[in-house]
Amino acid sequence: MTVATYAEAQPAATAYTEPARRMTLNGWATVVVFLPPALLLFTVFVFLPIAEAGWYGFFNWNGYGRPEKFIGLKNYGYLFSNPTFTRSLINNGVIIVFSLVIQLPLALAVAVMIAGRLVGAVWFRMIFFLPYVLADVAAGVIWHFMLDGDYGLAGAITTALGAPPYFLLADKTWAFSAVLIVVLWKYFGFHMMLYIAGLQGIDPALLEAAEMDGASPFQRFWHITLPLLGPMIRLSVFFSVIGALQLFDIIVPLTGGGPFESTNTMVSFLYYFGLTRMRIGFSSAVGVVLFIICVTFAFGYQRIVMRDD
Amino acid sequence: MTDGADAIRPSGRRPGGLAAIVTFGALVVMAGLVLFPVFATALNGFKDLSELRTNPFGLPRVWMWSNYWSILTGYRYWQVLGNSLLIALFTVALTLIVSSMAAFTFAHLRFFGDRFLLSYIQLGLLFPVATAIVPLFIKIRGLGLLDSYWGIILPQVAFSLAMSVLLIRNAFKQLPSELLDAAMMDGCGYFRYFIYVTLPLSGPILSTVAVISFVGSWNGYLLPLIVLNSESRYPWTLGLMAYQGQYMTSWQLVLAFITLTILPAIIMFLMAQRYIVAGLTAGAIKA
């Protein structure tokens, strides 16, 4: 995500390579034919909807006719006084923290283990990456089965222990941990792959030199590998956060937001409490909140954390 | 299997002894944990319900091929896969056409507002589809595209534009500019240059974008969920949920159905592993 970097790198490059090429009739014809499809699609299906979300958010509107009942910021008021919404905000936060504290370090550890000279590295890489290519919904249904108290893994364990069946997905306190399990299962291979790509870019001579100078494996990791992986780590943090903020597909088959609305994310809240009930104004307001969070994060992160990458 | 490169590295030795064994053991255990749900799903699809209850994680005592057979011989499975394929192929084709044309202009032509328009499209990198899903639903309804394939394809293309235009444009700019100069000198216009020079030289980046957009479309759920009503148009993700809803009490059938629906993805992945991994990660890294 180096929007800023490219923009800054451009002027010099273009100044050198394209000074002689003046805009010709042929050039204009190309612009007129080649550009509009992309601009049109983007405007109609991306830009306008986002702008309209901001507008609809001010109305009490059921989606039929025109939005007429202007209610100012009331939707936002309802939203933040709605315990289910605040809960889903917290849940999104929990996924982010979990990703950063558990998932990424684990992915990094596995990447380092695999990138070493290890028998079967290719196979491990492939196995860990496999869940990433499966759809979130499929992952959700599979894990719904695994955690089922009657039939799945949970059922087998309780039966083996002679305990009464335990339904994690129906446990108000712990059900959300199921979501975290699936996120970990599904996505850690992707982050591992980013780290492996990063590790492959590190010159082994550096590590060997340090080894000859008597640096311990931990010192080598801490002082050489980790700093050199910096750009890749910052990138994977970025994807973790953006991915966590938009999590939806896993929730539906796994918990449907339940039990007692304890496992919603912002997007599942938007879907269950806004869209399916045709509360267009209200759910647009949820979209706007999500938009503001995403854009603030993306901009801030690119400007502050990733500015050197 | 080892990486060939490892053998010829100067210090060419493997980490010896206990550490290597522990590392290897840990990886084997983790690989088992990762694969276990997939195998459990596939195997349990062969059981009957009562065995599923008493023996959820062993091999089936009696292999109920009929679970799979009934799905494979019904039209429903093929219909959802066909729908997904149709939607994904159109999405990929349209994404490649639209974004490579836009990327070409941004890469080679300087005109008033070009920088601005590029930044405009790159706004799409900053937020996911979900943020705009409600007005998008209203828009699709207004355009009369509800319950149609186009209602899914067009927004999918639109939301992938930011990323694909960026990736493709960067690749186009890497092509030596002497090529374009020479072509211009010989009286070749931009259109022909695009078709006969740029595109043939850009196989790798186009296939990267194709992989990303295919996987995204194939696995898509939210967009079809809000756009489609008719079950006959459902892609497999929606079909799976509908199937689960209908056979809620027959886990063995649901498991067989999941196994069969994720099978194409798994086969594709095993066959084209190198390209898919490279495509999905390179896309993330380069953008």
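## Domains of chain B

In this predicted model, chain B falls into two domains, with domain 1 covering 16-63 and domain 2 covering 70-286. Their C-alpha centres are 34 Å apart.

Contact between the two domains of chain B involves eight residues of domain 1 and seven residues of domain 2. On the domain 1 side, helix 2 (17-44) and helix 3 (49-54) of chain B are the elements that give two or more residues. Helix 2 of chain B has the largest share of that side, with three residues. By class, the domain 1 side that touches domain 2 of chain B consists of three nonpolar, three polar and two charged residues.

## Interface with chain A

Between the chains, 85 residues of chain B are in contact with 86 residues of chain A. The largest share of the chain B side comes from helix 2 of chain B, which gives 10 residues.

Sorted by class, the side of chain B that touches chain A has 61 nonpolar, 17 polar and seven charged residues.

## Leu81(B)

Leu81(B) is part of helix 5 of chain B, which spans residues 75-108. Leu81(B) counts as partly exposed because 18 C-beta neighbours lie inside 10 Å, whereas a buried residue needs 20 or more.

Leaving aside residues up to four places away in sequence, Leu81(B) touches Trp236(B) and Pro264(B). Ile258(B) is 177 residues from Leu81(B) in sequence, and the C-alpha atoms of the two are 12 Å apart in space.

Note on methods. Residues are numbered from 1 along each chain as its sequence is written. Chains are lettered from A and ligands numbered from 1 in the order in which they are written. This is a predicted model: local features need pLDDT of at least 70, side-chain atom pairs count only at pLDDT 80 or more; totals for chains, interfaces and linings use all residues. Domain bounds come from an automatic or database domain assignment. Helices (H or I, at least four residues) and strands (E, at least two) are DSSP runs, numbered from the N terminus. Ala, Val, Leu, Ile, Met, Phe, Trp, Tyr, Cys and Pro count as nonpolar, Asp, Glu, Lys and Arg as charged, and the others, Gly among them, as polar. A residue is buried if 20 or more other C-beta atoms lie within 10 Å of its own, exposed if 12 or fewer, and partly exposed in between; C-beta atoms are placed from the backbone.
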